[in-house]
Structure formats: structure tokens, C-alpha cells
Amino acid sequence: MRDVAADAGVNLALIKRYFDSKEGLFKAALAATPGPGEFPSDRDALVEELSRQLSVDAWPEFGEHPVLMLLRVSENENVEELRRTAMEDFSNRLLEVSGDGEMLRAQLLLALGVGVAVIRSGVGLQPLSGATAEELAGPVKDVVDALLTRVSESKDKDQ
């Protein structure tokens, strides 16, 4: 929490006053992420939103993708449960957009997004780290279509 206070330019007592604990701060950060009403409702909107959120210009107010906070180690079991719940919630939302019953495919798409955020912030691998939303749109569409297309739809196309 000291690091968060330093990054925010405030003292630790202020964070403790408003958030009480690491868990409270974590809950507040999760609450600031897009809610169910803001989640894309169809595949084209999902591709557009993922491309935007994974682009080099995304999240300037944070300096890094907010999903990275979900990856930080915590010894607090409540924080670990919040992390799991957030990831499960996002996977369920992806599943709703796909209309498919395969959670594994939705979680693979989630893992792709997390991986892009990690590579961008931790590794700086080019051209991925510098890709714009426009540059990502085609490849993201290909991945979304490949992962979220119903298995039965793929078999019908093959026949």
C-alpha cells in the first residue's frame, strides 16, 4: 500500500482512511472497471472494444492495463477470491457474447488479453507493444472468430 500511496502522491494514512485495507483498495479498483452494462453485446463490438483496450493508447490514466493489478501477488485469501471472481465474471461475459457453451474458449480469449497486457508492460515486445487499435482489429477479429465460433458452426462450414 505504500507503493500505491507513493504512486498516487498521497500519504498512506489517506489510503487507509478511504479504503481501510488492501482488500478495500482492491475492491474499489475492481469497481472502477467496466460493468455489465458497458460490456459489448455482440462479437463485432467485442472485437472493437478488445482492440481498443489492448492498444498502445489504452489506459493512459493508469500507465498500464488495469488487468495487471489482478496478477499481483497477495497473501490475502479475500483478495485471491476477488481476483478469481473478477476473472470468472469476465469469462462469463465473453461466453454470453459468443452464445457458445464452451467456457474453455472464453477463458482462452481472456488469457490472450492478459498476455498482451503483460507483454506490453513487462517485456515491450514490438510490434505488439506499439500496436494501435486499428492495427489490432484484424488479428483480434480472427482470434475472436476462431475461439468464440460454436464448434457446431465450424463443422457445418466444413461439410
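Modeller: Ser129 counts as buried, with a relative accessibility of 7%; buried means under 20% relative accessible area, exposed means over 50%, and partly exposed lies in between, using a 1.4 Å probe and protein chains only. This is a predicted model, in which local features need pLDDT of at least 70 and side-chain atom pairs count only at pLDDT 80 or more, while totals for chains, interfaces and linings use all residues. Residues are numbered from 1 along each chain as its sequence is written, and side-chain values use heavy atoms, with hydrogens and water left out.

Ser129 sits in the loop between H6 and H7. Helices here are DSSP runs (H or I, at least four residues; strands are E, at least two), numbered from the N terminus. If neighbours within four places in sequence are left aside, Ser129 is in contact with Val56, Ile119, Arg120 and Gly124. Contact means heavy atoms within 4.5 Å.

Two packed helices are described by the angle between their axes and the distance between the axes. Axes are lines fitted to C-alpha atoms, for helices over the stretch in contact, and angles run from 0 to 180 degrees between N-to-C directions. H6 covers residues 103-123 and H7 covers residues 133-148; their axes come within 9 Å and cross at roughly 155°. H6 and H7 are therefore roughly antiparallel to each other. The cut-offs are under 35 degrees for roughly parallel, over 145 for roughly antiparallel, 65 to 115 for roughly perpendicular, and oblique for the rest.

On the H6 side, Arg105, Ala106, Leu108, Leu109 and Leu112 make the contact, and they meet Val143, Val144, Ala146, Leu147 and Leu148 of H7. By class, this contact of H6 with H7 has 9 nonpolar, no polar and 1 charged residues. Ala, Val, Leu, Ile, Met, Phe, Trp, Tyr, Cys and Pro count as nonpolar, Asp, Glu, Lys and Arg as charged, and the others, Gly among them, as polar.

H6 also packs against H5, at an angle of about 115° and with the axes 9 Å apart. This crossing of H5 and H6 is right-handed. The residues in contact include Phe90 and Leu94 of H5, and Ala106 and Leu109 of H6. The contact of H5 with H6 has 9 nonpolar, 3 polar and no charged residues.

A salt bridge is a side-chain nitrogen of Lys or Arg within 4 Å of a carboxyl oxygen of Asp or Glu. Asp145 forms one with Lys141, with the closest N and O atoms 2.7 Å apart. Both Asp145 and Lys141 lie in helix H7, 4 residues apart, about one turn of the helix. Asp145 is partly exposed, with a relative accessible area of 22%, and Lys141 is partly exposed at 37%. Asp145 also forms a salt bridge with Arg43, where the closest N and O atoms are 3.6 Å apart. That pair links distant parts of the chain, since Arg43 is in helix H4 (residues 43-53) and Asp145 in helix H7, 102 residues apart. Salt bridges that share partners join Arg43, Lys141 and Asp145 into one network.

Conventions:
Left-handed = near helix turned anticlockwise from the far one by under 90°.
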